[in-house]
Amino acid sequence: MKIRMPATLRGRLVLLNLLLLTGILFLTFIASYLFLKAWLYRQVDNSMSMLAREVSLDITVENNNIVSNYSVNDSELEKQRQFMRVLNNNGAVQEHVGPFQELPVQLPANIENLRRGVFENTTMPGDDEVIRLYTLPVFYHERPAGFVQTGQSLESVQDLLQATIFTLLFLIPLSLFIAWPCSRWLTFKTLAPLTYIAGTAEQITGHQLYRRLGMKGEDEAARMAAALDRMLDRLQESFESYRQFTGDVSHELRTPLTIIRGEVSLALQKDRDGQYYRDVLACVDNEVDRLVRLEEQLLLLARAEGEKMDLRIARFNVKEALAPILRQISLLAAAKNQQIGWSIPEDIFIESDSGVFKQIVLNLLDNAVKYTPREGKVDLSVICRPDRLVITVSDTGEGISGEHLESVFQRFYRVPEQRSKSTGTGLGLAIVKKLVVLLGGEIAVNSNVGSGSTFRVSLPVAFSGK
Ligand code: ADP
């Protein structure tokens with residue numbers, strides 16, 4: 001028969017408890033029964049062998065007849081259903097005290113050669129009452145004189161053992177009957193915290209992520225609740241940052257879209273000359289540029305934030321990799337009449353993701369040029385340390401005040417005073433930070449309002465030959 005496990009944890013625990021208890025009770029009861037049985041038999045054997053030995057000590061032989069001089073209490077033996085008899089060497093009964101007078105003489109095989117007594121079980125003829133029999137050879141002046149036999153009915157012992165079986169068989173179901181409700185109650189009590197956790201967790205929806213289980217204690221349930229609370233903290237944090245992100249993106253989209261719509265609807269109101277249309281299209285082109293840049297940066301940020309961004313680690317020459325970026329930045333700097341300088345050691349080969357590496361430097365240089373006024377100065381330096389590469393981008397621009405320094409690496413954060421001056425998206429430094437972390441590095445910024453900023457990136461890299 002296949003036992004079907006209950007569907008609930010509580011039911012399963014109760015069932016397993018009861019099965020375990022039944023097994024333990026059975027084993028304990030079987031062991032107690034066997035122990036009791038062995039002990040009772042030993043008691044019978046001890047009392048018979050003791051009586052036989054006492055009788056054998058007081059034996060004389062007269063005219064080839066064995067005589068016992070030991071006085072045995074007949075009524076006492078009768079009461080205990082015990083007998084004693086003395087047999088000569090031929091097995092003829094010389095004396096019999098106690099019940100079972102009709103018990104035929106039977107001597108264990110080979111008894112003449114034995115010095116110690118022999119135990120065996122026998123039955124009265126025509127009766128199934130089992131009798132334990134002890135036969136002890138007796139010697140008189142070192143010569144075999146006959147045997148002393150003692151016997152005892154095993155009826156009372158067997159009755160006692162049977163009663164024990166019945167008692168035990170009654171006690172097992174009784175114990176289980178008592179254990180069942182106790183086990184149910186205990187399991188209920190033990191699992192109550194789980195029921196509470198499940199009930200509360202059920203009520204926590206996306207709108208109630210602030211709720212916590214808040215269970216106190218040190219036990220497993222409290223530890224599980226604390227782990228769930230920590231998970232809710234993280235969930236709430238990412239939900240909030242997701243909400244914030246969505247708000248920021250739509251806010252960033254709104255400005256260029258509003259400008260485009262405004263310009264286009266103005267142009268459509270009446271006929272305009274060619275120059276007007278050209279100006280509108282130039283403005284639209286500018287805003288579309290901004291949208292495209294925003295889209296590219298969002299994509300890059302999404303890739304950098306997703307933990308699965310595949311890094312393409314390969315060996316490359318640092319100076320060669322940075323050359324196109326420096327050309328691009330030099331053009332921007334020239335347009336603002338800025339001086340741009342760099343110091344990059346020749347022939348440094350590193351193993352890293354060159355695309356990510358270039359993006360970091362490009363964003364930092366782009367910002368330096370963007371936030372440095374005309375005639376200013378922008379510098380890039382790359383230094384090799386034993387196990388890392390330190391990239392420093394410094395400028396003589398307007399700088400960032402202390403209160404904003406921590407925030408410039410957040411998504412969409414732009415220093416309020418500069419918002420109106422640049423068309424930035426506020427994503428450049430957030431991307432830089434993510435990419436630096438992705439490469440296992442660190443970034444720090446030092447800035448003084450009015451005298452410029454210095455961004456320092458430290459990347460752990462493997463150098464492969466200079
Ligand atoms: P953005 O697209 O606005 O440049 P970033 O994330 O690159 O976005 O920069 C965030 C803000 O940090 C910028 O809006 C600007 O206010 C400030 N910032 C970044 N780099 C510099 C710099 N080199 N000098 C002064 N301010 C800077």
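V415 sits in the loop between α8 (402-405) and α9 (416-419). Helices here are DSSP runs of H or I with at least four residues, strands are E runs of at least two, and both are numbered from the N terminus. V415 has a relative accessible area of 7% and is therefore buried. Buried means under 20% relative accessible area, exposed means over 50%, and partly exposed lies in between (1.4 Å probe, protein chains only). Leaving out residues up to four places away in sequence, V415 touches I400, H404 and V408. Contact means heavy atoms within 4.5 Å. L281 is 134 residues from V415 along the chain, and their C-alpha atoms are separated by 30 Å.

This is a predicted model: local features need pLDDT of at least 70, side-chain atom pairs count only at pLDDT 80 or more, and totals for chains, interfaces and linings use all residues. Residues are numbered from 1 along each chain as its sequence is written, and side-chain values use heavy atoms, with hydrogens and water left out.

The loop between α8 and α9 also holds F412. F412 is not a glycine, yet its phi is positive, about 65°. F412 counts as buried because its relative accessibility is 6%. E142 also has a positive phi, near 65°, and is not glycine. E142 belongs to the loop between β6 and β7 (143-153). At 68% relative accessibility, E142 counts as exposed. Most residues other than glycine have a negative phi.

Next, the ligand. Polar contacts, pairs of N or O atoms within 3.5 Å, are listed below.

| Residue | Protein atom | Distance to a ligand oxygen |
|---|---|---|
| N367 | side-chain N or O | 2.7 Å |
| K370 | side-chain N or O | 3.1 Å |
| T425 | polar backbone atom | 2.8 Å |

The protein covers 98% of the 530 Å² of accessible area that the ligand has on its own. Accessible areas come from the Shrake-Rupley method with a 1.4 Å probe.

The largest nonpolar core has 52 residues. Such a core is a set of buried Ala, Val, Leu, Ile, Met, Phe, Trp, Tyr and Cys residues joined through side-chain atoms within 4.5 Å. V318, L322, F357, I360, L364, L365 and L380 touch the most other members. Elements giving two or more residues include α5 (274-305), α6 (318-335), β11 (377-384) and α10 (428-438). α7 gives the most, with eight residues. Sequence neighbours up to four places away aside, L380 touches residues including L322, L326, W342, V361, L365 and I391. A second, separate core of 22 residues includes Y41, V55, I59 and L161.

L133 lies in strand β6 (residues 130-140). At 1% relative accessibility, L133 counts as buried. Its contacts beyond four places in sequence include M48, F83, L103, V118 and F119. L133 and A92 are 41 residues apart in sequence and 16 Å apart in space, C-alpha to C-alpha.

Finally, a sheet. Three strands form an open sheet in the order β8-β10-β15, with antiparallel pairing. Strands pair if DSSP finds at least two bridges between them. β8 (313-317) and β15 (462-463) are the edge strands, each pairing on one side only. Five bridges join β8 to β10 (residues 349-353). F316 stands opposite I350 in β10.

Technical notes. Polar contact = N/O pair within 3.5 Å; in protein donor to acceptor, adjacent residues only side chain to side chain.
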